[in-house]
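Subject: Structure handover

Hello,

Here is the structure I said I would pass on. My notes on what was found in it follow below.

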Amino acid sequence: EDELHIEHFGVPQVEFLPIEEIKHPNHFGEYEEENNIISFVESFAITPKPTIVNFFIKLAYPSDIMYDLERATHHELGHFYADSLSEHLTGNNWPGFSTEITVREEICLKVLAEGTAEYFERKMKKDTITYYPVDQFLDFETMRRHQNQFFYEGGFQTVGPIIDAYGITGI
């Protein structure tokens with residue numbers, strides 16, 4: 001709240017699940033807007049502070065399957081906040097994917113949703129923020145070859161300047 005100058009609308013339920021139970025196993029965390037639940041993969045989470053658990057996880061597993069739990073939490077809380085704000089203002093979930101939208105509309109919603117979550121994550125981790133022309137990220141070739149870059153970086157580059165300029169209204 002203090003870091004982002006926002007007021008929250010409650011607290012999500014948080015659960016740790018085996019990777020087999022995560023809807024998108026290539027993600028370390030996910031937010032379910034229908035029930036306000038944040039789920040994390042129960043294994044491979046490390047924290048920023050040095051601990052004996054982190055030490056053994058880093059020894060035992062390749063680095064590409066470990067994730068920073070604090071960073072993932074900030075990201076998923078970004079999804080939760082945008083959804084809660086939408087529920088508060090409109091009574092509807094955000095992004096509220098449905099079968100009644102086109103693929104183009106679904107792609108646009110995903111860019112905005114992931115961009116907002118990335119904004120929360122980067123601001124909370126006090127990352128150095130640099131904005132680039134959006135067309136570097138939001139093109140068909142990037143979407144086809146580098147989906148994470150397209151949705152996460154492209155989304156962040158799209159919504160970041162808007163949220164910086166307008167705050168909660170930008171969200």
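I start with helix H3 (103–124). At 1.5 Å a residue, the 22 residues of H3 should span 32 Å, and because its end C-alpha atoms lie 32 Å apart, the two values agree. The expected span is 1.5 Å times one less than the number of residues in the helix. Helices (H or I, at least four residues) and strands (E, at least two) are DSSP runs, numbered from the N terminus.

Before going further, please note that this is a predicted model, in which local features need pLDDT of at least 70 and side-chain atom pairs count only at pLDDT 80 or more, while totals for chains, interfaces and linings use all residues. Residues are numbered from 1 along each chain as its sequence is written, and side-chain values use heavy atoms, with hydrogens and water left out.

Overall layout

The protein has 5 helices and 5 strands, and from the N terminus on its elements run β-β-β-β-α-β-α-α-α-α. Of its 171 residues, 37% are buried (under 20% relative accessible area, with exposed over 50% and partly exposed in between; 1.4 Å probe, protein chains only). Among the contacts (heavy atoms within 4.5 Å) with a separation of 6 or more, 62% are between residues 24 or more positions apart.

Helix H3, continued

The buried residues of H3 include Leu109, Val111, Ala113, Glu114 and Thr116. Those buried residues pack against H2 and H5. After H3 comes Lys126, with a positive phi near 55 degrees.

Helix H2

H2 covers residues 69–90. Its 22 residues reach 31 Å from the first C-alpha to the last, close to the 32 Å expected at 1.5 Å a residue. Ala82 sits in this helix and is buried, with a relative accessible area of 8%. Not counting residues up to four places away in sequence, Ala82 touches Trp94, Thr116 and Ile171. Ala82 and Trp94 are 12 residues apart in sequence, and their C-alpha atoms are 6.5 Å apart. Just after H2, Gly91 has a positive phi of about 80 degrees.

Helix H5

H5 spans residues 147–166. H5 bends by about 30 degrees at Val159, with a proline, Pro161, following within four residues. The bend is the angle between axes fitted to the seven residues ending at a residue and the seven starting there. Glu153 belongs to H5 and is buried, at a relative accessible area of 17%. Leaving aside neighbours within four places in sequence, Glu153 is in contact with Arg122, Phe137 and Asn148. H5 is followed by Gly167, whose phi is positive, near 60 degrees.

The largest pocket

The largest pocket holds about 930 Å³ of space. It is lined by 33 residues, of which His27, Gly29, Glu30, Glu114 and Tyr152 are the closest to its centre. A pocket here is an open set of points on a 1 Å grid over the protein atoms alone, where a 1.4 Å probe fits, with protein on both sides within 12 Å along at least five of seven lines; lining residues have an atom within 4 Å of a point. Grid points are joined across faces, edges and corners, and the volume is the space filled by probe spheres set on the points. Among the elements that each supply at least two lining residues are strand E1 (13–17), strand E2 (29–32), H2, H3 and H5.

Regards
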